[in-house]
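Hi,

Here is the structure I promised to pass on.

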Amino acid sequence: MEVVIVPALKDNYGWLLHCKATGATASVDTPEAGPLLKELQNQGWKLSHILNTHHHWDHTGGNDELMKAFPECVVVGFAGDAERIPQIKHKVVEGDTITVGKLTAKVIETPGHTTGHICYFFEGERALFSGDTLFSMGCGRLFEGNPSMMWKSLSKLMALPGETAVYCAHEYTEANAKFAVTIDPQNKDLAMRCAEVKKLRADGRPTIPSTIALELATNPFLRANNAPVRKQLGFDPSTPDVAVFTEIRKRKDNF
């Protein structure tokens, strides 16, 4: 699988996935049609699929224009959000699989940011397209879901293989790093990641993809069961993980 990053709008990333064996190409979300069309032309690829993670305009805004350019393209999205995803053709739920040429993705329902958010996990390629559920050192704001819902969703992603690459939908990493150190100030892995991110952004380079292992080591939203994090927040070992997560999300909302 070849993956190409396509910056769009202010801080969005579109992702083009290409199956070299068959020529099939998918776009994970469509924040903006223009940059995606330009990259498809540069690569000489024909768009066969659009894999939408959720209904927000900065993830589906290019669907209509891309479908005009590639009318045979199949738009995939969560069945429960079918009325909110433009041009949807293939409605999916938890555990369904999507094939892009010879590439196969498993659908993981991850409500929280929205009630109908899904992620796409290409197990053979160890690649997760996490939309606005999991960011590098962050997670999505809870616009439609609640903390319990989001913690359950993140827990699914935490269980994926550590080497899994995480392709999220926004370049929020540097801002997330500034918050993360207030929650986990003694974390040496976090300090190293912050320094790396600062240099990448200074050089105008993306900080994505990350990996599940790196997120487990540095992302405060995945570290609700970590003793130093709990101590920093004033929670004892008996406090449920979801309560710690809820406090971290609340602090980020007000950061």
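**What I found**

Strands β8 and β9 run antiparallel, and four bridges join them. Within that pair, Val107 stands opposite Tyr120 in β9. Before you go further, keep in mind that this is a predicted model.

On to the next neighbour. Strand β9 (residues 118-122) is also joined to strand β10 (residues 127-131), this time by three bridges, and these two run antiparallel as well. Here Tyr120 has Phe129 in β10 as its bridge partner. The two strands make a hairpin with four residues between them, and Arg126 in the turn has a positive phi of about 50 degrees. If the word "bridge" is new to you: strands of a sheet pair through backbone hydrogen bonds, either parallel or antiparallel.

Is β9 enclosed or open to the outside? Five of its five residues are buried, so β9 is largely enclosed by the rest of the structure. Ile118, Tyr120 and Phe122 point one way from the strand, while Cys119 and Phe121 point the other way.

Now zoom out. These strands belong to an open sheet of six, in the order β7-β8-β9-β10-β13-β14, with mixed pairing. At the edges sit β7 (97-100) and β14 (210-211), each of which pairs on one side only. Helix α4 (residues 147-158) packs on the sheet and touches β8 (103-109), β9 and β10. The direction of α4 makes about 150 degrees with that of β8.

Helix α5 (residues 173-183) packs against helix α6 (residues 188-202) at an angle of about 155 degrees, with the axes 10 Å apart. That angle makes α5 roughly antiparallel to α6. The crossing of α5 past α6 is left-handed. Which residues of α5 meet α6? They are Thr173, Glu174, Ala177, Ala180 and Val181, and on the α6 side you will find Leu190, Arg193, Cys194, Val197, Lys198 and Arg201. Buried residues in α5 include Asn176, Phe179 and Ile183. Among the elements covering the buried residues of α5 are α6, α7 (212-218) and α9 (241-253).

His49 counts as buried because its relative accessible area is 14%, and the cut-off for buried is under 20%. A polar atom of the His49 side chain lies 3.3 Å from the backbone oxygen of Thr99. Residues that His49 touches include Thr25, Cys73 and Val100.

Cheers

Notes: Residues are numbered from 1 along each chain as its sequence is written. This is a predicted model: local features need pLDDT of at least 70, side-chain atom pairs count only at pLDDT 80 or more; totals for chains, interfaces and linings use all residues. Side-chain values use heavy atoms; hydrogens and water are left out. Buried means under 20% relative accessible area, exposed over 50%, partly exposed in between (1.4 Å probe, protein chains only). A polar contact is a pair of N or O atoms within 3.5 Å; within protein, one must be able to donate a hydrogen and the other to accept it, and residues adjacent in sequence count only if both atoms are side-chain atoms. Contact means heavy atoms within 4.5 Å. Two strands pair if DSSP finds at least two bridges between them. Axes are lines fitted to C-alpha atoms, for helices over the stretch in contact, and angles run from 0 to 180 degrees between N-to-C directions. Angles under 35 degrees count as roughly parallel, over 145 as roughly antiparallel, 65 to 115 as roughly perpendicular and the rest as oblique. A crossing is left-handed if the near helix is turned anticlockwise from the far one by less than a right angle, and right-handed if clockwise. Lists of a residue's contacts leave out its neighbours within four places in sequence.
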